[in-house]
Amino acid sequence: MATRTVKIGLDNWEVATLDDTDKVTGTPTAIPGLTSAQLSITINSSNFQADDGLWAVLDGGISAMQLTIGNADLKSEAKAVLHGLTLEDGMEIYTSDMTIPYVATIFRSRLNTGKYVWFGLAKGKFVPGGYDLNTRAETPSGQPDSLVGNFEPRADKITHIITREDNAEFDLAAFRAKIFQMVAGGEGA
């Protein structure tokens with residue numbers, strides 16, 4: 001009998017900056033405090049009619065992906081990687097002409113069996129988010145940061161990859177290498 005599984009956790013968020021050839025520059029940055037991840041995928045398809053009925057469903061592939069991340073508290077160093085902003089004298093400097101870098105990202109969701117499902121998105125940009133803060137009440141509640149990443153196909157047409165530890169051929173190193181493609185002579189993923 002197959003084991004029934006359900007996702008019950010979320011952690012291990014990492015982000016790596018991409019160069020102009022979609023290769024990772026430097027070492028991926030671990031960003032602690034992941035509270036939520038919502039991935040929305042848009043696939044273009046349309047119905048083709050013939051002989052007075054549905055003849056075929058035409059697929060146009062993935063046209064858009066959006067990843068909304070909740071994080072307990074995004075630190076300045078993480079924002080520098082995510083948004084390409086400058087850190088100066090303990091300040092995050094946002095400018096009207098800032099260029100947001102392309103990044104690759106991974107995170108994982110824990111299954112009730114103790115195994116994990118890993119998610120990797122190959123190329124996208126996280127735009128700086130706003131803030132929704134409240135005064136502390138008698139019973140305090142957390143107010144996580146939220147940001148949205150818009151993702152597109154990488155040069156090799158890969159949009160995202162999902163791998164599961166409960167698959168017999170699971171290989172975390174191969175997954176990381178596929179998402180975090182390194183520049184020649186770059187540091188290990």
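Modeller: Proline 128 is partly exposed, because its relative accessible area is 33% and that class runs between the 20% limit for buried and the 50% limit for exposed. The model is a predicted one, and the description below should be read accordingly. Proline 128 sits in the loop that connects β8 (116-127) to β9 (145-151). Beyond its neighbours within four places in sequence, proline 128 makes contact with His83, Tyr94, Met98 and Ile100. A further relation across the chain involves glycine 84: its C-alpha atom and that of proline 128 are 10.0 Å apart, although 44 residues separate the two along the chain.

From this loop one may turn to strand β8 itself. Lysine 123 forms a salt bridge with glutamate 152, with 3.6 Å between the closest N and O atoms. This pair ties together distant parts of the chain, since lysine 123 belongs to strand β8 and glutamate 152 to the loop between β9 and β10, 29 residues apart. Lysine 123 counts as buried, at 11% relative accessibility, whereas glutamate 152 is partly exposed, with a relative accessible area of 31%.

Aspartate 22 is located in the loop between β1 and β2 (29-30), and it is buried, with a relative accessible area of 5%. Its side chain reaches the backbone nitrogen of alanine 155 at 2.7 Å.

Within α2 (residues 172-179), Phe175, Arg176 and Ile179 are buried. Viewed down the helix axis, the buried residues of α2 fall within an arc of 95°, so they line one face of the helix. Where α2 starts, a side-chain oxygen of aspartate 171 comes to within 3.1 Å of the backbone nitrogen of alanine 173.

The salt bridges complete the account. Eight are found in a search of the whole structure. One of them joins the side chains of aspartate 166 and arginine 164, at 2.9 Å from N to O. Aspartate 166 is partly exposed at a relative accessible area of 35%, and arginine 164 is partly exposed at 24%. Elsewhere, salt bridges with shared partners join Asp22, Lys123 and Glu152 into one network.

Key. Residues are numbered from 1 along each chain as its sequence is written. This is a predicted model: local features need pLDDT of at least 70, side-chain atom pairs count only at pLDDT 80 or more; totals for chains, interfaces and linings use all residues. Side-chain values use heavy atoms; hydrogens and water are left out. Helices (H or I, at least four residues) and strands (E, at least two) are DSSP runs, numbered from the N terminus. Buried means under 20% relative accessible area, exposed over 50%, partly exposed in between (1.4 Å probe, protein chains only). Contact means heavy atoms within 4.5 Å. The arc is that of the directions from the helix axis to the C-beta atoms. A polar contact is a pair of N or O atoms within 3.5 Å; within protein, one must be able to donate a hydrogen and the other to accept it, and residues adjacent in sequence count only if both atoms are side-chain atoms. A salt bridge is a side-chain nitrogen of Lys or Arg within 4 Å of a carboxyl oxygen of Asp or Glu.
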